[in-house]
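The sequence and structure are displayed first.

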Amino acid sequence: MSTSRSAPTVTDVVAELERRYPPAWAEEWDRVGLVLGEPAAPVRRVLCVVDVVPETVAEALDAEVDMIVAHHPLLLRGVSSVAPTTVKGRIIHQLIRAGIALYAAHTNADVAAPGVSDALAARFGLTGLRPLQRPAPGSAAHGDDRGFGRIGELPEPMTLAELTRHAAAVLPVTSWGVRAAGDPGRMVRTLAVSGGSGDSFLGAATAAGVDAFLTSDLRHHPAGEHLAADGPALIDAAHWATERPWLDDLAALLRAAPGVETLVSDLDTDPWTVHAAAPAVDDKEPDREG
């Protein structure tokens, strides 16, 4: 970034981000990079978020930041209008009026080393990290230790039940919490993790021979079929909670720029806001004959 006494510009910040997370590493369907913002505008304060939603935009406005760096793209699919009659249109109008630039680093940050899943693996103290699924040979992201997800060894073996409780303790708190599928007493030594939606990596976790796979957004039928085929135990956490740890690494990268203050959003943007566990069998009311 710029080392002069003047504040770095949007262009400077983008250049720093793209040195760590080149846009060419993103999946073909993804939409990463600068979404809006004047390239020459100064950047003194940046807010790092997982989701660009009304709540995090309000946080950015209150903090008077010059730029938001998000994990999830605001405009992943094509639109024909950004009128303020839609949620995304209102967000774009708010950001432009406030002079706040917006940048997204998504699957290019997922595949990077270090990237999103490295930060998740660090929450569990995993060692001997290697990718869960490497990019296809010949792709821009192929090479070194890059790839989706990470596999590593736990500091100490745990049962699946113990690991699930541990996950709830070390991951950011959400109403969704953490759930698991498999034998609660199964010993887990090798753990695969993948930030965000990970059921497309169920086959990779099985092929890797890990004891358990932690990710989010697991679906009923794929999870059931995976377990029926003797695949690794599954741990399902909230999507936001598996990607929030990366924001700390992102903030550390941007703080290296002279004159830039970096903030991290801890607003829980997981859409699920209420959780109720089923009562234990002994706690259920006895049947009453009418």
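The sections below set out the basis of the model, then the pocket, then the helix.

## Basis

The model is predicted: local features require pLDDT of at least 70, side-chain atom pairs count only at pLDDT 80 or more, and totals for chains, interfaces and linings use all residues. Residues are numbered from 1 along each chain as its sequence is written, and side-chain values use heavy atoms, with hydrogens and water left out.

## The largest pocket

The largest pocket holds about 800 Å³ of space. A pocket is an open set of points on a 1 Å grid over the protein atoms alone where a 1.4 Å probe fits, with protein on both sides within 12 Å along at least five of seven lines; lining residues have an atom within 4 Å of a point. Volume is the space filled by probe spheres set on the points, which are joined across faces, edges and corners.

Of the 43 lining residues, His72, Ser197, Asp217, His239 and Glu243 lie nearest the centre of the pocket. Strand β8 contributes the most to the lining, with 4 residues.

## Helix α2

Helix α2 spans residues 54-63, and its buried residues (under 20% relative accessible area, 1.4 Å probe, protein chains only) are Thr56, Val57, Ala60 and Ala63. Because these residues fall within an arc of 130° when seen down the axis of α2, they line one face of the helix. On the other side of α2, Glu55 and Asp62 are exposed, that is, over 50%.

Just after α2, Glu64 adopts a positive phi of about 55°.

Technical notes. Helices (H or I, at least four residues) and strands (E, at least two) are DSSP runs, numbered from the N terminus. The arc is that of the directions from the helix axis to the C-beta atoms.
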